[in-house]
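Keep the viewer open as you read.

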Amino acid sequence: MSAQADTSPLSDAERGRILAGEASSDPCPGDANWNGDRPCADPRAAGGGQQRADAALPRPPRAPHRQPVSRGPLARRGRTYGALDLGTNNCRLLIARPGPQGFVIVDAYSRVVRLGEGLMESGRLSEAAMDRTVAALASCADKLSRRDVRLTRNVATEACRRAANGSRFVDRVFAETGIALDVISAAEEARLAVLGCHMLIAADGPPALVFDIGGGSTEVMLVAPGSANGGDPEIIDWISMPWGVVSLAETEPQWRDAPDRALAYDRMLAKVASLLDGFAARLAARGVGQGPGAVQLLGTSGTITTLASVQMGLPAYDRRIVDGALVDTDALLALCREIAHKSTQERARLACIGSDRAELIAAGCAIVDAILSRWPGGGVRIADRGIREGILRTLMARDGVWAAGR
């Protein structure tokens, strides 16, 4: 399967309007369902959904859609909303209610499911991976039911987009759990990621380079800065690369010797860097250079939040410290290369990485390295927020109950 990047510019419809707002900053209380693979946007969040609510995307005929009961804005402010993000590596859910600062998360769920395990080689989702994922989605469906969530959007990304049996898997999920998955495009994935974290972009700074490292793909977006309370950041240009932590890690074995690990890291780095060449040329044509300060860097994903926690020396992940933090670029690059050259066992012993991420973190480091080496800067702003938060804001805005800071 060839590794080609999706570099199509967003249409006006795909780009849409990016909503302003800020998520609740309550600390993660340590939900028993939370395994630390990617920090929760508010650790009580969860999600899943039996009812889809995005009219802009086509609905498969098999998925019934019940129209929500028409209620006034005051009644809708008490409604709970769900946002489920099924990626190549993780299944994540948030359940939230409208709040004075956007929304307040009331439940959360996250599981490493490795849905895309072996996909690069076979082109198909394996039975074992699908079984793991359906079990996780069943737990999400149970949470949604117990929280009486009436409006939710459930998205699936690169693994389901790429797999030859992706549509059959979507059918199975609906039949066994009642959750109707929207297999969204890379353009929609980029839009939701920006929508979920754009409040961390400085309105008076240069354009922002936002990168979202997933399991099966990485989206990099050039975003115009906007006002936190009024202006809507616009995705000027973007690229979706078919390398995420799972797909890239599967191109290299877990080498035992340090020299082999170093060579493997260089090969992974080259794969990502080659796909950034054309994107960098496009940005240069727009007058966006590659020197320090040319862009403000904003990273979202489990990879970047994990690396930030290690760089800050945290004994355990703490969203209150990591989300919104500015991490020195040079220090982060040095950390990426140090971690990549360690053995799997050595990585697993590092706080905030552990055994779940030990095999994949080197691939994540290579992706971060390729981006930061191309666009160096004084620091990288870290976002523990993304697609799910973007979904929640969209749903609440459509109900007329989203008002940042109100």
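Let's begin with a helix. The buried residues of helix H16 are Ile 387, Arg 388, Glu 389, Gly 390, Ile 391, Leu 392, Arg 393, Thr 394, Leu 395 and Met 396. Bear in mind that this is a predicted model. With 10 of its 12 residues buried, H16 is largely enclosed by the rest of the structure.

What covers the buried residues of H16? The cover includes strands S1 (81–86), S2 (90–99), S3 (102–112), S4 (151–156) and S6 (208–213), along with helix H7 (186–197). H16 itself runs over residues 387–398 and reaches 17 Å from its first C-alpha to its last, close to the 16 Å expected at 1.5 Å a residue. Just after H16 comes Gly 400, with a positive phi of about 75°.

Stepping back, the protein chain has 16 helices and 11 strands. Of its 406 residues, 57% count as buried. Among contacts in the chain with a separation of 6 or more, 76% are between residues 24 or more positions apart. The accessible surface comes to about 15200 Å², and 50% of that belongs to carbon and sulfur atoms.

Now for the sheet. Six strands make up an open sheet in the order S8-S7-S6-S9-S11-S10, with mixed pairing. Strands S8 (234–241) and S10 (326–328) stand at the edges with a single partner strand each, so one side of each is left without a neighbour in the sheet. From one strand to the next, the twist averages 25°.

Inside that sheet, S9 (residues 296–300) and S11 (residues 379–383) run parallel and are joined by 4 bridges. Gly 299 has Ile 382 in S11 as its bridge partner. Helix H12 (residues 329–340) packs on the sheet, touching S9, S10 and S11, and its direction makes about 70° with that of S10.

S6 also holds Asp 212. Is Asp 212 buried or exposed? Asp 212 is buried, with a relative accessible area of 10%. Leaving out residues up to four places away in sequence, Asp 212 touches Ala 193, Ser 217, Thr 218, Glu 219, Thr 300, Ser 301 and Ile 387.

On to the aromatics, where the count comes to 1 pair. The ring centres of Phe 279 and Trp 375 are 6.1 Å apart and their planes sit at 70°, so the pair is edge-to-face. It links distant parts of the chain: Phe 279 belongs to helix H9 (residues 258–285), while Trp 375 lies in the loop between helix H15 (361–374) and S11, 96 residues apart.

One more residue to look up is Ala 163, in the loop between helix H5 (158–162) and helix H6 (166–177). Not counting residues up to four places away in sequence, Ala 163 touches Leu 119, Gly 123, Arg 124 and Leu 125.

| Residue | State | Relative accessible area |
|---|---|---|
| Phe 279 | buried | 1% |
| Trp 375 | buried | 1% |
| Ala 163 | buried | 8% |
| Asp 212 | buried | 10% |

Methods. Residues are numbered from 1 along each chain as its sequence is written. This is a predicted model: local features need pLDDT of at least 70, side-chain atom pairs count only at pLDDT 80 or more; totals for chains, interfaces and linings use all residues. Side-chain values use heavy atoms; hydrogens and water are left out. Two strands pair if DSSP finds at least two bridges between them. Helices (H or I, at least four residues) and strands (E, at least two) are DSSP runs, numbered from the N terminus. Axes are lines fitted to C-alpha atoms, for helices over the stretch in contact, and angles run from 0 to 180 degrees between N-to-C directions. Contact means heavy atoms within 4.5 Å. Rings of Phe, Tyr and Trp (its six-membered ring) pair if their centres lie within 6.5 Å; planes under 30 degrees apart count as stacked, over 60 as edge-to-face and the rest as tilted. Buried means under 20% relative accessible area, exposed over 50%, partly exposed in between (1.4 Å probe, protein chains only). Accessible areas come from the Shrake-Rupley method with a 1.4 Å probe; for residues, only the protein chains shown count as cover. The expected span of a helix is 1.5 Å times one less than its number of residues.
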